[in-house]
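Subject: Structure handover and notes

Hello,

Here is the structure you were to receive. Please keep it open while you read the notes below it.

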Amino acid sequence: MVPGWNGSQTIVSQWEWHCNDVSAGDIDNDDTIEIVSIGVNTVKIWSSNGTLLNTIVLDNPANGKIVPILADVDGDMENEILVAKGGITGYKGYIHAYKLDGSEAPGFPLVADNGCIGSPCVSDIDNDGKNELIFGEWNMVHVYETNGNPNYIEWGCEHHDHRNTGEYLSGKPRTITTSESWHINKDIRCNTFIETGATLSIYAQINTLESAKIVVRNGGTLVIDGGKLLFADIEVQSGGRLVIQNNGKIKLHRNGSLKINLGATVDYEYGSIVLHGS
């Protein structure tokens, strides 16, 4: 058992739909993970070491699967806690967006005239650089435009992502400033920037999700050394370097590309670059 999570953390559940999955993410953008769950009339937030950070009173949580959603909806590049309240047809329902301290984001709560069903979800569904908030009423689906930054979605839907992995993967951009080697298979869903003087060497299978982009800056180097970079979208800027060796493989996302800018260098020693569906 991870220290701090030895069974001492509890949340009361009166009915099976009042306490379901937890969500995890860096709510306040401090590079530490918070854990959030909904119980009877309450939202609880713990630190990654099991310390209770806050309890937010939420009377009458919505029926169904009610997982807290963690995403930026006001453009402050911090994640709000989005929860649904009021799931009875004929009565008003509400979507709340709480800060870590329990205060509410501007413009919230949103009101549904006929109750709310399940959890909301957040994604930039029209690719306009702002998050949309989607939630269900008893007889319709609502979609709201927000000012949220799409790079700040820590837990965007019930099981984290459209693949229902339930696995926490940060969407915040990652900047590599020194040399890193990835030897373990993993998924990433954040834009990754390899800066001047840094080298990212990939020896394992890396799946990029949500159309995450890898950008090699001037003076940076990306090495695919026997590993696989799958569903990728890559840009090598002027002065950047891409190396493919030891049967390394790049497979592009269906909407992705491999863009080599003028002045960039590609060392294609031994490996493959394939399109989506190949």
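The notes below cover ring contacts, cysteines and some backbone details.

This is a predicted model, in which local features need pLDDT of at least 70 and side-chain atom pairs count only at pLDDT 80 or more, while totals for chains, interfaces and linings use all residues. Residues are numbered from 1 along each chain as its sequence is written, and side-chain values use heavy atoms, with hydrogens and water left out.

Aromatic rings

There are 2 aromatic pairs in the structure. Rings of Phe, Tyr and Trp (for Trp, the six-membered ring) pair if their centres lie within 6.5 Å; planes under 30 degrees apart are stacked, over 60 edge-to-face, and the rest tilted. Trp5 and Trp46 pair edge-to-face, with 6.0 Å between centres and 70° between the planes. This pair links distant parts of the chain, 41 residues apart: Trp5 is in the segment before strand 1 (23-25), and Trp46 is in strand 3 (residues 42-47). Strands here are DSSP runs (E, at least two residues), numbered from the N terminus. Trp46 is buried, at 5% relative accessible area. Buried means under 20% relative accessible area, exposed over 50%, and partly exposed in between (1.4 Å probe, protein chains only).

Phe135 and Tyr144 form a stacked pair, 6.0 Å centre to centre with 5° between the planes. Phe135 is buried at 3%, whereas Tyr144 is partly exposed at 31%.

Charges over rings

A charge sits over a ring if NZ of Lys or CZ of Arg is within 6 Å of the ring centre and within 35 degrees of the ring normal. Lys186 lies over the face of Trp182, 4.0 Å from the ring centre. The charged end of Lys85 sits over the ring of Tyr94, at 5.1 Å from its centre.

Cysteines

How many disulfides does a search of the whole structure find? The count is 0, a disulfide being a pair of cysteine sulfur atoms within 2.5 Å. For Cys157, the closest cysteine sulfur is in Cys121, 6.5 Å away, which is too far for a bond. Cys190 is in no disulfide either; its nearest cysteine sulfur, that of Cys157, is 17 Å away. Cys190 is buried, at 8% relative accessibility.

Backbone

The peptide bond from Phe108 to Pro109 is cis, with omega near 5°. Pro109 is in the loop between strand 7 (93-98) and strand 8 (110-112). Met77 is not a glycine but has a positive phi of about 60°; Met77 lies in the loop between strand 5 (69-71) and strand 6 (80-85).

Regards

Notes:
Helix = DSSP H or I, 4+ residues; strand = E, 2+ residues; numbered from the N terminus.
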